[in-house]
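Keep the sequence and the structure open while you read.

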Amino acid sequence: MERIDNAWLNSFICVFEQSSFVKASERLLIPSSTVSRHVQQLEAELGNKLFYRTTRKVTPTSAGEMLYHEIREPLRQLSQTLQNVSISTESMKGSIRVSSPDIPFIGDVLADFALSYPNVSLFCEHSTSIESALNSDPDIVISFERGSLDDRDWVSRPLCQWESSVLASPSCLAEYGSPTTVEELSAMPCISSYKSFAGNPWIFSGPEGLKSVAIKSDINVDGGFIAKAIAVKGLGFVALPREFCRDELDLGSLVEQRLDLELAPLTIYIHYRSMSYHTHLTKLLVSFIRERANSST
């Protein structure tokens, strides 16, 4: 059993009951490719094929039938027992590890959670990329993304979205001019990132979908407020949410650039493992953050 992940069994049961990898992925809130990989890993570990797969349907093999009927009830009872334990009074004591960028909105939500649940210890780590965040084995990861997400075993749900723009200071525009296309922008000095957004925040929305623009930069930072401060000094163009720059835009210390393509919005995501394997505290914090995000939009 130490070689078999519970997530594999959960995916197997869902595929069996839904007779579909796609429907199972919708129920589990994870990509269908992840569900398929879980089943393949389980089959490899057991040394038996569990499903016959065709383009029209998925049917269990005799080994799949036997496994499903043997594990369904024990897993259901285990899930019920864990749920009963999780709703007890003692479950309001414990700790949660959160990895998140340093965003004021998230800080406010976590502070309110700490006030509401004083017996819960929060361990909050600053991280600007999912990959580096996962190294510390957090319960919850919060990240900002521009464009589509990579395939992951974690459930990923958007919290809020901010419209973004390419900005520059008057002194920067006086020296380099105002670009009118993303191609012109790519030849100008820009402030970019080296970890967040997988190293490229320059993703634009066009008629044919999202377009990633390769921009060479001598200044790379993984913090929006640091990038804004550098842009105000006239050192380059920057891609930022307008929400972060209201004062600078009102004062004229940053000027929005009109290009042939629009910068893709900045989306704040919350990532967590399949709900079947959460502690009650993790579920509680995920719900708390999502409710606050919904009420603020």
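In helix H2, Phe21, Val22, Ala24, Ser25 and Leu28 meet Ser32, Val35, Ser36 and Val39 of H3. By class, this contact of H2 with H3 has six nonpolar, three polar and no charged residues. The model is a predicted one. The points below start with the helices, then take the sheets and the pocket.

**Helix packing around H3**

- H2 spans residues 21-28, and its axis lies 8 Å from that of H3, at an angle of about 105°.
- Angles of 65 to 115 degrees count as roughly perpendicular, so H2 and H3 are roughly perpendicular to each other.
- Helix H1 (residues 6-18) also packs on H3 (residues 32-46), at an angle of about 110° and with the axes 8 Å apart.
- H1 and H3 are therefore roughly perpendicular as well.
- On the H1 side, the contact is made by Ala7, Trp8, Leu9, Ser11, Phe12 and Val15.
- On the H3 side, Val35, His38, Val39, Gln41, Leu42 and Glu45 take part.
- The contact of H1 with H3 divides into eight nonpolar, three polar and one charged residues.
- Val35 and Val39 of H3 meet H2, and Val35 and Val39 also belong to the contact with H1.

**Five-stranded sheet**

- Five strands form an open sheet with mixed pairing, in the order S11-S8-S12-S7-S13.
- Strands S11 (219-220) and S13 (255-257) stand at the edges with a single partner strand each, so one side of each has no neighbour in the sheet.
- S7 (residues 164-168) and S13 run antiparallel and are joined by three bridges.
- Alanine 168 stands opposite valine 255 of S13.
- Helix H9 lies across S8, S11 and S12, and runs at about 140° to S12.

**Three-stranded sheet**

- Three strands form an open antiparallel sheet, ordered S10-S9-S14.
- S10 (209-212) and S14 (262-263) are the edge strands, and each pairs on one side only.
- S9 (residues 203-206) pairs with S14 in the antiparallel sense over two bridges.
- Phenylalanine 204 stands opposite leucine 263 in S14.
- S9 also pairs with S10, again antiparallel, over four bridges.
- S9 and S10 form a hairpin, with two residues between them.
- Glycine 206 stands opposite glycine 209 in S10.

**Second largest pocket**

- The second largest pocket has a volume of about 350 Å³.
- Its lining counts 27 residues.
- Phe144, Asp222, Gly223, Gly224 and Phe225 lie nearest the centre of this pocket.
- By class, the lining holds 17 nonpolar, seven polar and three charged residues.
- Strand S8 (190-192), helix H9 (224-232) and strand S12 (237-241) each supply at least two residues of the lining.

**Points to carry forward**

- Which helices pack on H3? H1 does, at about 110°, and H2 does, at about 105°.
- Which elements each supply at least two residues of the pocket lining? S8, H9 and S12 do.

Conventions
Residues are numbered from 1 along each chain as its sequence is written. This is a predicted model: local features need pLDDT of at least 70, side-chain atom pairs count only at pLDDT 80 or more; totals for chains, interfaces and linings use all residues. Side-chain values use heavy atoms; hydrogens and water are left out. On a 1 Å grid over the protein atoms alone, a cavity is a set of points where a 1.4 Å probe fits but cannot get out, and a pocket is an open set with protein on both sides within 12 Å along at least five of seven lines; lining residues have an atom within 4 Å of a point. Grid points are joined across faces, edges and corners, and a volume is the space filled by probe spheres set on the points. Ala, Val, Leu, Ile, Met, Phe, Trp, Tyr, Cys and Pro count as nonpolar, Asp, Glu, Lys and Arg as charged, and the others, Gly among them, as polar. Axes are lines fitted to C-alpha atoms, for helices over the stretch in contact, and angles run from 0 to 180 degrees between N-to-C directions. Angles under 35 degrees count as roughly parallel, over 145 as roughly antiparallel, 65 to 115 as roughly perpendicular and the rest as oblique. Contact means heavy atoms within 4.5 Å. Two strands pair if DSSP finds at least two bridges between them.
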